[in-house]
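Please examine the sequence and the three-dimensional structure shown here. The explanation after them is meant to be read with both in view.

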Amino acid sequence: MVEQKINSSWQNILIQIKNWARINSPWAIHFNSGSCNGCDIQILATLTPRYDVERFGIKLQGSPRHADVLICTGPVTMQARDALLRTYEQMPEPKFVIAVGSCGLSGGVFHGCYNIVGGINELLPVDVFVPGCPPRPEGIIYGVAVLLEAMKSGKRPEPVQWSGEGFEGMVHTGSTMEERND
Ligand code: SF4
């Protein structure tokens, strides 16, 4: 009985350390599922010294197996669909998705094209949408901040209606941790 209690408190401590590390150093992978590159350039701009997101521990890296957050741009094209799914499946749990740009929300200007599946949430459970064509780096950083804040509380971000004003425009699917972990 005492041994069980010690084991479970060790497990709790380990979980807390893992959460602390994840929140303070979220590693992200960037995937272009059919974007015109406008949104991708803004993501790169957030990494430049002017915005310098690495000071918050946010690191862009190449392997989905090491990523906590998938930052996805563009509508999902038929050609990119399988690769996007494969990338997402290779990420370890718990994993999070940020859709960047109007195309990621709905297909944007490409909506209805013969080769477009739709927005990113047609395929993946999106946690945060960052609207804009393209969104500014401040908007992308704000989207990441919303996600980190929600990770701290152990909940998915609450749905926020897009006001159409600046980078406060953030909408969200509203799925819970439990729904996502099913
Ligand atoms: S939202 Fe605008 S900038 Fe981003 S991929 Fe679509 S058309 Fe390009």
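The structure is a predicted model, in which local features need pLDDT of at least 70 and side-chain atom pairs count only at pLDDT 80 or more, while totals for chains, interfaces and linings use all residues. Residues are numbered from 1 along each chain as its sequence is written. The pLDDT, the predictor's confidence in each residue from 0 to 100, averages 82 over the chain, and 84% of the residues score at least 70. Over residues 160-182 the pLDDT is below 50, although this stretch has 43 contacts in the model beyond near neighbours in sequence. Two residues are in contact if their C-beta atoms, placed from the backbone, lie within 7 Å.

The chain contains 6 helices and 7 strands. These elements are DSSP runs numbered from the N terminus: helices are H or I of at least four residues, and strands are E of at least two. Along the sequence they follow the pattern α-β-α-β-β-β-α-β-α-β-β-α-α. Among contacts with a separation of 6 or more, 75% join residues 24 or more positions apart.

Of the 182 residues, 35% are buried. A residue is buried if 20 or more other C-beta atoms lie within 10 Å of its own, exposed if 12 or fewer, and partly exposed in between, with C-beta atoms placed from the backbone. A nonpolar core is a set of buried Ala, Val, Leu, Ile, Met, Phe, Trp, Tyr and Cys residues joined through C-beta atoms within 7 Å. The largest has 31 residues, of which Leu-70, Cys-72, Val-97, Ile-98, Ala-99 and Val-100 touch the most other members. Elements supplying at least two residues each include β1 (27-32), β3 (69-73) and α5 (137-153). The largest share, 5 residues, comes from β5. Beyond its neighbours within four places in sequence, Ala-99 has contacts that include Cys-72, Leu-105, Ile-120 and Phe-129.

Lys-95 lies in the loop between α3 and β5. Lys-95 is partly exposed because 19 other C-beta atoms lie within 10 Å. Leaving aside neighbours within four places in sequence, Lys-95 is in contact with Asp-68 and Leu-70. Lys-95 and Leu-70 are 25 residues apart in sequence, yet their C-alpha atoms are 7.7 Å apart.

Around the ligand are 13 residues, and Cys-36, Gly-38, Gly-101, Cys-103 and Cys-133 come nearest. A residue is near a molecule or strand if its C-beta atom, placed from the backbone, lies within 6 Å of it. Helices α2 (38-47) and α4 (102-106) are the elements that give two or more residues to this shell.
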